[in-house]
Amino acid sequence: MEPIDPERHGPLLRCREDGGLPTKLVGESDAFCLPATEELIFELEGSGVQDGDAQSHMRAKLSGRDTHNGVRVRLTTHRLLWWTPAANCWLAVRLDAVSLAEASGGGVFRPRRCELKPREGGPPIAVRRAEAEQTDELLAQVQAAIGACDWRRGSYEEAAMGGLQRILGQRENRQQAVGETLDLALADLESLRQHAAQAAVAARQVGLCMASQAGGEGAGVQQLLEDFGLLAPDGTAVVKGGQLKADIEEDVARVCRAALEKRGGLGMLLAHDVFCLVNRARGTALVSPEEVMTALRRCAQPGGPLRLRMLGSTSALAVSLSRTSDRDTDAQLVRMAQAAPLSAFKLAKELNLTAAEAQYLLKDTEARAALVRDDAPEGVFYFPNLFERF
């Protein structure tokens, strides 16, 4: 590890990488891992690492600290690690360089923070998660790791490996890097396997219901399919179930259109939700994540019915109708926020979205300066942006 800037000797260090992950240190092992897609906010006065969006600049101006987001956060026996787009690298804080980890904030104007005070003095590093309880959980893990002092059983030298051990280590790093990259794209294979299992259960449930129910009772199956988004507005099936690439592409496009039009054209579908919906609609003719992603990319080509884009610094993939515009989305969310403070939970409930979809919609609208966010102890709320009127 080395300082981010040779002229600055702060607590933030840039990690050397091996296969897309920080090079392991002698005796180092993971102690606490957060979901790869979860974004944490890191604040440190004079660090020189600052996100470029307007919200981060405003947050830095109010706090007097450089502010950036980090993902793929891991706490090991030796250090706290995260990857940040602001510096396009892995950053770390050595635990042996931290004298104290304590909580701060939690009032009306200051969200809960986990503050790491450097042993050599200087401004503390503030870390916070989305909710106060989550920040307290991270604080407890950091305090336990500092108290254990497990880095003394090894060292902060890079672990030297040779021969078969090095080959196996590189293989493990590649596998972990690929897994985390898929997480950031919302295509984590483990998650998709779980969705596939749920899809298979749903398909069997629908098949059993259709085989055992008839007449008036069949309306229950009809409602089940409608709730799953597997029927077009006219009541016909939205998929064909063929195995050719053209058939899969057409099924993916139809499922996406049906699900999005059911919401009035507003909103988006996250990539793993598309995978789940397509396999639910196709019943036992399941398709792989790669086939779904290939079909999505073809449908999102110029002139296609869908739009595929990345959301935020996590590079999460989302699908929306190509005819929808950001201006229409902003106008509708601003109208909703004018009536009452808007939260992800409220938006998800009113528009029949998932909580993750609602959160990304609000963040996108905030990034376009149509809404502003208030991080209150009770939760995160959005309001119309009235600053431009002054």
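This is a predicted model: local features need pLDDT of at least 70, side-chain atom pairs count only at pLDDT 80 or more; totals for chains, interfaces and linings use all residues.
Of the contacts in the chain with a separation of 6 or more, 55% are between residues 24 or more positions apart. The chain holds eleven helices and 17 strands. Its 390 residues include a buried fraction of 45%.

Aromatic pairing was examined over the whole structure. The search returned one aromatic pair. The partners are F42 and W82, with ring centres 3.9 Å apart. Their planes meet at 10°, so the pair is classed as stacked; the cut-off for stacking is under 30 degrees. The two residues come from distant parts of the chain. F42 belongs to strand β6 (residues 40-44), and W82 belongs to strand β8 (residues 79-84). The separation between F42 and W82 is 40 residues. Both partners are shielded from solvent by the accessibility criterion, under 20%. F42 has a relative accessibility of 1% and counts as buried. W82 is at 0% and is likewise buried.

A charged side chain also sits against a ring. R94 is placed over the face of Y156. The distance to the ring centre is 3.8 Å.

Helix packing was considered next. Helix α6 spans residues 245-262, and helix α7 spans residues 271-282. Their axes come within 10 Å. The crossing angle is roughly 110°. Helix α6 is therefore roughly perpendicular to α7, as angles of 65 to 115 degrees fall in that class. On the α6 side, the contact is made by I248, D251, V252, V255, C256 and A259. On the α7 side, V274, L277, V278, A281 and R282 take part.

Cysteines were then checked for disulfides. The criterion is a pair of sulfur atoms within 2.5 Å. By this rule the count is zero. C299 is in no disulfide. The nearest cysteine sulfur to C299 is that of C256, 7.3 Å away. C256 is also one of the α6 residues in the contact with α7. C299 is buried, at 4% relative accessibility. C149 has a relative accessible area of 17%. Because the limit for burial is 20%, C149 is buried as well.

In summary, the stacked pair of F42 and W82 links strands β6 and β8. The α6 and α7 axes cross at roughly 110°. No disulfides are found.

Notes. Residues are numbered from 1 along each chain as its sequence is written. Side-chain values use heavy atoms; hydrogens and water are left out. Buried means under 20% relative accessible area, exposed over 50%, partly exposed in between (1.4 Å probe, protein chains only). Rings of Phe, Tyr and Trp (its six-membered ring) pair if their centres lie within 6.5 Å; planes under 30 degrees apart count as stacked, over 60 as edge-to-face and the rest as tilted. Helices (H or I, at least four residues) and strands (E, at least two) are DSSP runs, numbered from the N terminus. A charge sits over a ring if NZ of Lys or CZ of Arg is within 6 Å of the ring centre and within 35 degrees of the ring normal. Axes are lines fitted to C-alpha atoms, for helices over the stretch in contact, and angles run from 0 to 180 degrees between N-to-C directions. Angles under 35 degrees count as roughly parallel, over 145 as roughly antiparallel, 65 to 115 as roughly perpendicular and the rest as oblique. Contact means heavy atoms within 4.5 Å.
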